[in-house]
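Here are a few exercises to work through with the structure on screen. Try each task on your own before reading its solution.

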Amino acid sequence: MPVAKNLEPFVCGGSAATFASVVIHPMDLAKVRMQLYGQLNPGKPVPSFVTIIGNSVKEGGIGAVYKGVDAAIGRQLVYGTARIGLHRNFSDMLVARNDGKPINFLQKALSGMASGSIAVCIGTPFDIALVRLQADGMADPKDRRNYKNVFDALVRTTTEEGVGALYKGLLPNILRGMSMNVGMMACYDQAKETVAALLQDPMTDGPSLPTRLGASATAGFTAALFSLPFDLVKSRLMAQKPNPITGEMPYKGILDCAMQIAKKEGPKGFFSGFSAYYARCAPHAMIILLSIESITNAYRKTFY
């Protein structure tokens, strides 16, 4: 019983995150390709995510929009499990220290940032594999890495570029993980209390469906808004390749990448692909936050 209770937020959170990632993977693929389009095609307008999805299906069939789904599953089994499970554990600890009373938003945000940063450090290698698998379809045939699957991507990246290559873009990824968890988990907890008060939902047996819908929709928007600039920088750093002539990388680091984006693409460049990113974040957050309640109830009936 104690072991099952301690594992509950990790098992249920990881299961919900993995399920959500499989559902929204095509939108995630479109988001990454929109973010990289400005780098690969400077000066050209970024196509919509509907256009990218359509072109992908036309060129490679329906399976093309699920390129890298194995890496997405591996990432959520590690990253998603850790960020949701740790956030719940940290939040519960803070509530216990507050004599069982609800904690304020600052404490929720701190819990989200701490759990998000720890989870990113664990899951970044899978993130590298995911971005590269998704970006490969945009490159010229002669420039493609042609990874077979997530494990091939991890092994070849390590052997060809060294272990450090698995942690390229770690800093922006940590910042993205922190902002994502604040926008999703902390804002969901806060929005749930606000929506429940507006709807006069006592939440004695947990939040009602309208409360969960309103809170999860809010969390999907704030998660996208807070994290997109960091996600874009992370994607650019993870997908970059050395110049075939000079051998130099396009970006020297996170600051150089951010400055080049601002200079070449303007402030709007940091929100390139927002439509696809929001279309990914909102359903992803809502699927996680809505399904986790059902998964948790099933888990408790099975193990308690």
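**Exercise 1. Find the aromatic cluster, then describe the pair F274 and Y278.**

Start with the cluster: F221, F274 and Y278 belong together in one aromatic cluster. Rings of Phe, Tyr and Trp (its six-membered ring) pair if their centres lie within 6.5 Å; planes under 30 degrees apart count as stacked, over 60 as edge-to-face and the rest as tilted. With that rule you get four aromatic pairs. One of them is F274 with Y278, a stacked pair at 6.1 Å centre to centre and 15 degrees between the planes.

Helices (H or I, at least four residues) and strands (E, at least two) are DSSP runs, numbered from the N terminus.

Before going on, a word on the model: it is predicted, so local features need pLDDT of at least 70 and side-chain atom pairs count only at pLDDT 80 or more, while totals for chains, interfaces and linings use all residues. Residues are numbered from 1 along each chain as its sequence is written, and side-chain values use heavy atoms, with hydrogens and water left out.

**Exercise 2. Are F274 and Y278 buried, exposed or in between?**

First, the cut-offs: buried means under 20% relative accessible area, exposed over 50%, partly exposed in between (1.4 Å probe, protein chains only). F274 comes out at 26%, so F274 is partly exposed. Y278 has 32%, so Y278 is partly exposed too.

Now try the pair Y299 and Y304: this one is edge-to-face, with 6.4 Å centre to centre and 75 degrees between the planes. Y299 is buried because its relative accessible area is 9%, whereas Y304, at 37%, is partly exposed.

**Exercise 3. Which residues line the largest cavity, and which helices do they come from?**

Begin with the rule. On a 1 Å grid over the protein atoms alone, a cavity is a set of points where a 1.4 Å probe fits but cannot get out, and lining residues have an atom within 4 Å of a point. Grid points are joined across faces, edges and corners, and a volume is the space filled by probe spheres set on the points. Counting those of 30 Å³ or more gives four cavities.

The largest cavity holds about 70 Å³ of space. Its lining is R75, Q76, Y79, R83, R176, M180, M184, A223, R280, C281, H284 and A285. Helices α3 (69-97), α6 (170-199) and α9 (274-303) each give at least two of the lining residues.

Then sort them by type: Ala, Val, Leu, Ile, Met, Phe, Trp, Tyr, Cys and Pro count as nonpolar, Asp, Glu, Lys and Arg as charged, and the others, Gly among them, as polar. That makes six nonpolar, two polar and four charged residues.

**Exercise 4. Which helix gives the most to the lining of the second largest cavity?**

This cavity has about 50 Å³ of space. Among the residues lining it are D28, K31, D127, L130 and K234. Two or more residues come from each of α1 (2-40) and α4 (105-135), and α4 gives the most, with four. By type, the lining has three nonpolar, one polar and seven charged residues.

Note on methods. 1 Å grid on protein atoms, 1.4 Å probe; cavity = no way out; pocket = protein on both sides within 12 Å on 5 of 7 lines; lining within 4 Å.
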